[in-house]
Amino acid sequence: GDAICPQMFRKSDLIAFVLLLTVANVLTQELHVESRKQLEPLLQRFNTWIAKAKEKHGIDKLRVEYIDKKFRIGTTAATDIQDGEVYVRIPTEYIVHDDLILNTKLGPSIRELEFRYPRDSFHRLLSYLLLEKSNPTSFWKPYFDLFPTPEDFKHLPVFMSDTDLEIVAGTTLHQNVLSHRKELEVKWERMEERVFKKFGPDVYDPKIFNRANYEWAFMTINGRGLKINEKRHFVPLLDMINCCGDTKAQKKRHIEIDNANEIASVRASRYWAKGEHVLENYGEPNIINLLYCLLYTSP
């Protein structure tokens with residue numbers, strides 16, 4: 001999300017953040033947490049799948065592994081990684097972008113819609129995600145199987161009950177939560193009316209394109225989608241590198257885009273020894289923005 005100016009918040013709002021984080025943590029503890037044993041087969045399948053992308057550019061510096069209950073999954077150094085070294089490089093055929101929807105059964109409806117309305121890259125990507133997530137033979141299945149589940153989002157304020165939110169009533173945070181909730185509702189209703197109902201169940205299967213799945217995909221894109229050239233993309237490996245806690249001690253991550261060779265890559269912001277949990281600085285500019293990200297995006 002956009003950076004939040006600290007001047008927008010009173011001291012009471014910071015307290016409200018902490019209180020709501022406490023509620024979120026309680027709700028998270030009540031959720032089913034996947035065990036390492038449950039994740040291992042999915043991680044093995046993903047690492048086998050992404051190995052083909054790594055072979056193409058000769059870079060094999062990362063492994064995706066179970067980290068702990070806090071992080072769930074993350075990346076570890078498969079070999080020593082030097083400061084400034086390009087340690088991950090992903091070719092375009094392994095990047096999920098909104099144009100992919102045009103080659104699916106939804107393509108004709110998207111083209112028809114774009115005769116009437118401006119191009120909506122976010123909902124293009126959202127529709128593609130829902131379609132492919134439901135496809136048991138999808139090329140992306142090893143990747144999408146590691147995405148958070150709907151259960152993982154239940155601790156977020158936008159899905160909290162009014163009773164849980166009473167603890168921060170009257171604060172800027174409470175207003176922001178209600179605003180986000182309204183935004184999500186309005187966007188769902190617009191998509192339902194203009195797209196899902198308009199083209200009908202033969203094109204947009206209601207078992208796939210329903211409100212619960214829409215909300216999951218919406219939050220997944222906001223939580224995991226990387227902005228490249230001002231549009232959201234899903235980039236395997238890059239989006240699995242967790243954020244470090246000390247943003248001052250470590251340089252900000254920079255994703256390099258080589259349009260000529262159609263690749264996205266990242267240079268190490270410090271030295272990582274083999275086996276270390278690789279963490280990057282996402283660049284949250286202040287504590288308010290960091291707390292905001294914790295409250296509104298996926299784990």
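User: Which residue follows helix α7, and what is its phi near?
Analyst: The model is predicted: local features need pLDDT of at least 70, side-chain atom pairs count only at pLDDT 80 or more, and totals for chains, interfaces and linings use all residues. Residues are numbered from 1 along each chain as its sequence is written, and side-chain values use heavy atoms, without hydrogens or water. Helices (DSSP runs of H or I, at least four residues) and strands (runs of E, at least two) are numbered from the N terminus. After α7 comes G200, with a positive phi near 80°.

User: How far does α7 reach from its first C-alpha to its last?
Analyst: Helix α7 covers residues 172-199, which makes 28 residues. The expected span is 1.5 Å times one less than the number of residues, and for α7 that gives 40 Å. The model comes close to this, with a reach of 40 Å.

User: At which residue does α7 bend?
Analyst: A bend at a residue is the angle between axes fitted to the seven residues ending there and the seven starting there. In α7 this angle is about 40°, and the residue is E192.

User: At which residue does α2 bend, and by about how much?
Analyst: Helix α2 has 22 residues and reaches 30 Å, close to the 32 Å expected. Its buried residues (under 20% relative accessible area; exposed is over 50%, partly exposed in between, with a 1.4 Å probe and protein chains only) include L39, F46, W49 and I50. Among what covers the buried residues of α2 are β1, β2 and β3. The bend is at A51, by about 30°.

User: Which residue in β2 is the bridge partner of E65?
Analyst: Strand β1 runs antiparallel to β2 (residues 73-77), and five bridges join them. The partner of E65 in β2 is G74.

User: Which residue in β8 is the bridge partner of R89?
Analyst: Strand β3 (residues 86-91) has five of its six residues buried. Five antiparallel bridges pair β3 with β8 (residues 263-267). In β8, R89 has as its partner S265.

User: How many residues does the largest nonpolar core have?
Analyst: A nonpolar core is a set of buried Ala, Val, Leu, Ile, Met, Phe, Trp, Tyr and Cys residues joined through side-chain atoms within 4.5 Å. F46, Y87, I90, V96 and Y143 have the most contacts inside the largest one. The number of residues in this core is 69.

User: Is L237 buried or exposed?
Analyst: L237 lies in the loop between β5 and β6, and its phi is positive, near 75°. Most residues other than glycine have a negative phi. With a relative accessible area of 1%, L237 is buried.

User: Is E230 buried or exposed?
Analyst: E230 also has a positive phi, near 70°. The loop that holds E230 runs between β4 (226-228) and β5 (231-233). Its relative accessibility is 69%, so E230 counts as exposed.

Terms used
Two strands pair if DSSP finds at least two bridges between them. Contact means heavy atoms within 4.5 Å.
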